[in-house]
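Reader: Please take me closely through one part of this model, starting from a single residue and its place in the fold. Keep the description plain and give the cut-offs behind the terms.

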Amino acid sequence: MALLSFSIFLPTLGALLLALIPNRDGSRDGLIRQLALGISLVAFALTLALWAGFDVNGAEFQFVERTMWIDVFNVEYYIGIDGVSLMLIVLTGFLTPISLLASWGSVTKKVKEFSIFMLVLETAMIGVFSALDVFLFYVFWDAVLIPMYFLIGVWGYDRRIYASIKFLLFTMAGSVLMLVAIILLAVLHQQQTGSYSFDLLELYALQIPAGTANLCFLAFALAFSIKVPLFPLHTWLPDAHVEAPTAGSVILAGVMLKMGTYGLMRFAFPLFPEAATAWAPFIATLAVIGIVYGALVAMVQPDMKKLVAYSSVSHLGFVVLGLCALTVNGVQGAAYQMLNHGISTGGLFLIVGMLSDRRHTRLIAEFGGLKSVMPKLVAAFLIITLSSIAMPGLNGFVGEFLILMGSWRSEVLLPRFTVVAASGVILSAVYMLWMFQRVNYGEVTNPKNETLPDLSVREWCVLAPVVALAVVMGVFPNIFLQPMAPAVERMVQRMERRPAITQVIPQAEAPVAGTQAR
Amino acid sequence: MTITPGHWLALSAALFTIGLIGVLVRRNLIIIFMAIELMLNAGNIALVTFSNLHQQVSGQVFALFVIAVAAAEAAVGLGIVLALYRNKETVNIDEITVMRW
Amino acid sequence: MDNLQAIMPMLIVTLAAMATMLAEAFRRKDERMPIGGLGVIGLVGAIAAAGLLWDRNAVGFGVIQADNFSLFVTVVVAVIGLFTIMFSSEVVEREGIPSGEYYTLTLFSVVGMMMMASATDLLVIFIALEIMSIAVYVLTGIKRTDAAGTEASFKYFLLGSFSSAFFLYGIAFSYAVSGSTRLDALSTAIAQSASAPGPMVWLAMGLLLVGFAFKVSAVPFHMWTPDAYEGAPTVVTGFMSTGVKAAAVAAFLRVFLSAFEPLRGDWTQLLTWIAMLTMVVGTVVGVAQTNVKRMLAYSSIAHAGYLLAGIIAASAIGKSAVLFYLASYAVANVGAFGVIAFIATRERNTGELTDFTGLWYAKPMLAVLMAVFLLSLGGFPPMAGFIAKWYIFAAAVNEGFYTLAIVGVLTSVVSVFFYLRIVVMMFMSSNKAELEVPPFGIVGTLGLALAAIATFYLGILPTRLIDLATQSISTIF
């Protein structure tokens, strides 16, 4: 049964259904919102079904589907998932209905088109994570840009047009060079074996001359680094995040940025292991600079949303550092942190969105002492904040700990990387807690804050799953780590060109599954 | 002195160049148009010359076709000039500048 | 019978054109006659004839070859003509265009385009070029009272005849080299002297290149394009930008990749520079424009650059990429110009960027369709333009033209910027004033819908057309 294809395309089919409902005057807004939410929940259920049917011990790709698409160049519709992509797909399925539900209050015009764009975006994102044909991956990668562009440009805030165009052109500029590299790989395959191929697994086996591999790796890495974003290619992110509507920010931070790190993990590094290993220290340097820079800039932001945006730069620096460490711990931590960041930063954007819906401002100075006015909201806010700064017991800790351990023992990176990165942990605690204190504790300084309503039922439904997951992922990380373990193993093996092992790390061991592999 | 094909080609080239310069330099629309016709006829002369060189008829046949086509083009072109004149009351190319860069 | 079979598509359209002319002559003043319908019948008949002639390789009169390549281009041109007539039927009265002459000229121009793609003799190519061009010169200035229109028409005419003269001179020298105007004779003659081609060959090649470069609007012979496209009536611009380019590229391909094939190493270098300049100039200058028709004119210059890249990568993949690109570009471009034509009113008809403000609120479907066409031109999946661009760049990389491919992809990104400007105006401006869009009927809607469906179809399931394009190439080259 083509469960994976169905998961990818169900949201778009739902969007087509929505398109048929006439809603020129906005009278059917409620129906459309509910339908859209329903469709996204069904999509989420499908992703959970994928998880249920997934063999956590398997080292190969599962749910594989493969048909010829463009036979001139042997381009195939070839999809499949392993542990990492499965988790990212579930994350996408989880965050989409939450974002849609969160925007019930804030998006009031052209609701039908908004829902359509969100659903199409979901299709493109799940497609990115499932594609095993490099051309198909590129198609889905580019297909993400248009819905996001419209989401920011139409439903965003004041400088939305500037932010949306900047986002689009920046990302597209990076990815077109990747397109040339992809074509080059297919051509090289043809020169060596007589037939074109965009099949990722066949391209893994390609013998690429060193100079070409270097250039191709840089092209791929550039495209993904812009997406992550890696310092200094991050300048599009603060604008895009701030000007996007809440749902857009949640999806952007929660899922789209992971496309960049996923790309590094699935394509850039394994396709060109030697070039990647050579460049890893440089990329790790940029990542570490990003960690510290993002933290320092976040500290001085007066706007909450911008603060969270820069915190994204900082946190994803950790993920890239973990990847560049090229150790099982590091990569596993990076993969886990991809999920964590989706939950914690997604949650932060949700809360900031709720605050800005109430007061139509995001400036920290406008708030203060909210704890006495909205205790439930602040409680959720606290848990999410602590998750973001990696407090033990919550999800962020597991990820960052694995990354730091992985980079400390890395053969590729010097210990100084870990030291500087660890300082980033402290800095993130500083800016987050300081912001939290200014917003929530103390006296209610602004009279407008005194009458703000606490969480409504809808908002509670939005935040509760996120908060719950933050706790569960911190206390029972192995549920999420175990499916990813074989994929991580395989990537690290590939980087070291050792034959792949097919055993899985048993669950009874310490929750940090990677301690035995090295 | 015998007239060699080289002479004819030189004539053709000269006519072509004169026409070319005419198109680039002259300001009056009708004169520019005349210069284009000159270029087309230069091509005709070249065709007839080569037809003689190869001792074939097809070059001359082609030249006849070109004359017919040039006549059609002239008719259309003058019609356009007329329409332009009715709109702008000028045949000076410097004054036809509704559309800029 | 083979003779007549080969020219059947052209014959059908010619008959339709003559019928249109007669219908107009016998039309009483102010009588409403569906003259456009005659054109549609003729074009549909031509497409059917082309379909029946597929894989037959009929040769007509020794000079017209109805091989798969020319049939492919014939169908593309006929489809362009169909869309043009469908869109024109809405705007012809509104814009004050004399309808009988308009349809007749359009159909005759289509005949010229079909002939240009099918001819294997330089004389016939010249005549076809003139048929096509003269009709288009008149079409450009067909609104006689419009100052911009007649100016555009004259500028186009001037530079067009100028380049025809160069083309003719080039044909004269080819005749000198080979003793015949036939392409295969030229090919043999050049192959024999390939090691030491004389000055005649270089002159012939250079002059022919100038002639073609003008028609395709490659830099530095592109100067006529912005003015001609801006001044012409919008539906004519849509017709010109796609049909003339398709025919010219097809003839260019045939002449340079069969006759001048032995000298490929020499002209490839020059053409690569021209292609890169064309892509860059078209994109960079286009970004500065505020008139949408002018902007799309520069965008079509950039697209000519991509087409040239496909010709440069002269492999089988490159040639079929050119054909696929022509088809996808034609559909998207003619659709975009159709939308521009539909939103023009009698007062507001110059196609400024501000005309699109808030179109999404006034006519959402129209804005969505325009966005689809523009995004296809920009090269976004899942639209046809993405597959077309990828195919051309793949062909270039396959043959080792890496710089060309990189310049191509980077200019693609820059070009997105000016397509997005229009999208921003339509969707994202907060100006709440309702845009006044004149009503248009079922024919126009059908045309736009078909163009949009074609754009998505070629983007998601391009295999069928790519196969057809590949079959087209194998028959001649």
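Author: Pro382(C) sits in the loop that joins α16 (364-378) and α17 (384-398) of chain C; helices (H or I, at least four residues) and strands (E, at least two) are DSSP runs, numbered from the N terminus. The peptide bond leading from Pro381(C) into Pro382(C) is cis, with omega near 0°. This is a predicted model, in which local features need pLDDT of at least 70 and side-chain atom pairs count only at pLDDT 80 or more, while totals for chains, interfaces and linings use all residues. Residues are numbered from 1 along each chain as its sequence is written, chains are lettered from A and ligands numbered from 1 in the order in which they are written, and side-chain values use heavy atoms, with hydrogens and water left out.

Chain C has another cis peptide bond, from Val219(C) to Pro220(C), again with omega near 0°. Pro220(C) belongs to the loop between α9 and α10 (224-231) of chain C.

Helix α9 (residues 199-216) of chain C packs against helix α12 (residues 264-287) of chain C at an angle of about 25°, and their axes are 12 Å apart. Axes here are lines fitted to C-alpha atoms, for helices over the stretch in contact, and angles run from 0 to 180 degrees between N-to-C directions. That angle makes α9(C) roughly parallel to α12(C) (under 35 degrees counts as roughly parallel, over 145 as roughly antiparallel, 65 to 115 as roughly perpendicular and the rest as oblique). Trp202(C), Met205(C) and Leu209(C) of α9(C) make the contact with Asp266(C), Trp267(C), Leu270(C), Leu271(C) and Ile274(C) of α12(C), where contact means heavy atoms within 4.5 Å. By class, 7 of the residues in this contact are nonpolar, none is polar and 1 is charged. Ala, Val, Leu, Ile, Met, Phe, Trp, Tyr, Cys and Pro count as nonpolar, Asp, Glu, Lys and Arg as charged, and the others, Gly among them, as polar.

A further helix pair in chain C is α4 (residues 68-95) with α14 (residues 316-342), packed at an angle of about 0° with axes 10 Å apart. α4(C) and α14(C) are therefore roughly parallel to each other. Residues of α4(C) in the contact include Phe69(C), Phe72(C), Ile80(C) and Arg94(C), and among those they meet in α14(C) are Leu323(C), Ala330(C), Gly338(C) and Phe342(C). The class count for α4(C) with α14(C) is 15 nonpolar, 3 polar and 2 charged residues.

Thr237(C) lies in helix α11 (residues 234-259) of chain C. At 0% relative accessibility, Thr237(C) counts as buried (buried means under 20% relative accessible area, exposed over 50%, partly exposed in between, with a 1.4 Å probe and protein chains only). Leaving aside residues up to four places away in sequence, Thr237(C) touches Tyr229(C), Ala232(C), Lys293(C) and Phe337(C).

Gln55(B) is in the loop between α2 (29-54) and α3 (58-88) of chain B, and at 66% relative accessibility it counts as exposed. Among the 2 pairs of chains that touch, chains B and C have the most contacts.
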